[in-house]
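Let's walk through this structure together, one piece at a time.

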Amino acid sequence: VRVGSLKGPTSIGLLNLMEDNNNGSTTNKYSFTIEAQADIIAAMLTKGELDIALIPANLASVLFNKTEGKITVIDINTLGVLYMLSADDSISSVNDLAGKTIYLTGKGTTPDFVLRYILEGNGLSLDDVTLEYKSEATEILGAMSNDPAAVALLPQPFATVAMAKNDSLKVIFDMTKEWSLVNGDSDSILVTGVTVVRNDFLKDNEAAVVTFLADHEYSSKKAVMDIEGTAALTEKYGIIDNAAIAKKAIPMCNIFYIDGEDMKNALRAYLEVLEQYDNSFIGGQLPSDDFFFVN
């Protein structure tokens with residue numbers, strides 16, 4: 001089973017499964033691909049080079065619409081992982097971001113949408129801020145060192161890495177909390193990552209997919225229960241190059257495993273917010289019920 005994921009919390013949730021696979025103790029045999037950019041994983045998936053992929057929730061909807069329903073979402077793997085950092089003590093509310101330069105990754109992906117949604121929910125427009133997009137979170141760390149007054153929007157664990165490298169940086173906003181303040185709807189939580197499968201693979205290998213789900217659930221739960229052991233694996237597999245930093249970051253990574261009807265309801269509520277705000281973020285329309293694998 002060829003599994004692709006992003007360098008970050010989604011891969012942290014896979015690490016214990018990766019270790020078990022390497023030790024030969026899994027029923028399925030897996031190969032894992034970890035990339036820094038979601039579009040690389042998406043391209044591999046649509047080309048048939050991956051069977052299962054852990055990708056941003058809105059990208060899953062985009063791919064479902066783009067491929068005319070050739071993928072299915074099988075679980076939610078992470079909730080909100082975005083944090084805004086700055087060394088600027090003058091920022092105490094979202095409105096204080098007016099006139100600031102904000103560094104972030106992934107134009108048109110989750111960080112971009114969440115930032116825009118929260119800015120506009122607080123009465124700011126994109127004209128009020130300067131957005132500087134970088135291809136990887138590591139680029140943001142370099143940019144921040146050259147611009148101490150700048151603001152960075154980073155996912156975990158990169159937010160923790162940034163603060164470890166620059167002790168003047170601090171968390172100014174937990175974007176999951178800011179999302180809830182803007183949205184005001186307890187049914188809609190900020191969903192970051194989901195796991196999808198190619199339907200061609202699912203059709204012929206449903207038992208293997210169900211086995212993966214059980215493996216993923218175990219791996220995700222172990223990641224948050226055995227933080228020290230998982231932190232060591234982040235260093236071993238190159239997700240974070242320092243286990244001590246990983247140990248601090250993992251509790252803030254919101255690693256979850258949600259499947260079935262709970263997954264369907266939470267993800268649908270999140271996508272409905274995106275649709276009302278800007279349906280281009282979900283590929284033009286809400287996915288049909290075929291989007292959700294409820295075993």
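The axes of helix 4 (residues 57–66) and helix 13 come within 10 Å and cross at roughly 80 degrees. Here helices (H or I, at least four residues) and strands (E, at least two) are DSSP runs, numbered from the N terminus. Axes are lines fitted to C-alpha atoms, for helices over the stretch in contact, and angles run from 0 to 180 degrees between N-to-C directions. Helix 4 and helix 13 are therefore roughly perpendicular to each other (angles under 35 degrees count as roughly parallel, over 145 as roughly antiparallel, 65 to 115 as roughly perpendicular and the rest as oblique). On the helix 4 side, Ala-57, Asn-58 and Ser-61 meet Leu-267, Tyr-270, Leu-271 and Leu-274 of helix 13.

A word on the model itself: it is predicted, so local features need pLDDT of at least 70 and side-chain atom pairs count only at pLDDT 80 or more, while totals for chains, interfaces and linings use all residues. Residues are numbered from 1 along each chain as its sequence is written, and side-chain values use heavy atoms, with hydrogens and water left out.

The largest nonpolar core has 56 residues, and Met-84, Leu-97, Leu-267 and Tyr-270 have the most contacts inside it. Helix 13 (residues 260–278) gives the most to this core, with 7 residues. Such a core is a set of buried Ala, Val, Leu, Ile, Met, Phe, Trp, Tyr and Cys residues joined through side-chain atoms within 4.5 Å; buried means under 20% relative accessible area, exposed over 50%, and partly exposed in between (1.4 Å probe, protein chains only). A second, separate core of 44 residues includes Ala-152, Phe-201, Phe-212 and Cys-253.

Met-84 leads us on to a sheet. In strand 9, the bridge partner of Met-84 is Phe-173. Strand 5 (residues 82–86) and strand 9 run antiparallel, joined by 4 bridges; two strands pair if DSSP finds at least two bridges between them. The open sheet has 5 strands in the order 7-6-8-5-9, with mixed pairing. Its edge strands, each pairing on one side only, are strand 7 (130–134) and strand 9 (170–174). From one strand to the next, the twist averages 30 degrees.

Next, find strand 1 (residues 2–6): 4 of its 5 residues are buried, so it is largely enclosed by the rest of the structure. Strand 1 pairs in the parallel sense with strand 2 (residues 31–35) over 5 bridges, and Val-3 stands opposite Phe-32 there. Strand 1 also pairs in the parallel sense with strand 3 (residues 52–56), over 2 bridges, where Gly-4 stands opposite Ala-53.

From Gly-4, look across to Val-196: their C-alpha atoms are separated by 10.0 Å, although the two are 192 residues apart along the chain. Val-196 is found in strand 10 (residues 191–198) and counts as buried at 0% relative accessibility. Leaving aside neighbours within four places in sequence, Val-196 is in contact (heavy atoms within 4.5 Å) with residues including Ala-53, Ile-55, Ala-60 and Val-73.

Finally, turn to helix 10 (residues 206–225). Its buried residues include Ala-208, Phe-212, Asp-215, His-216 and Ser-219.
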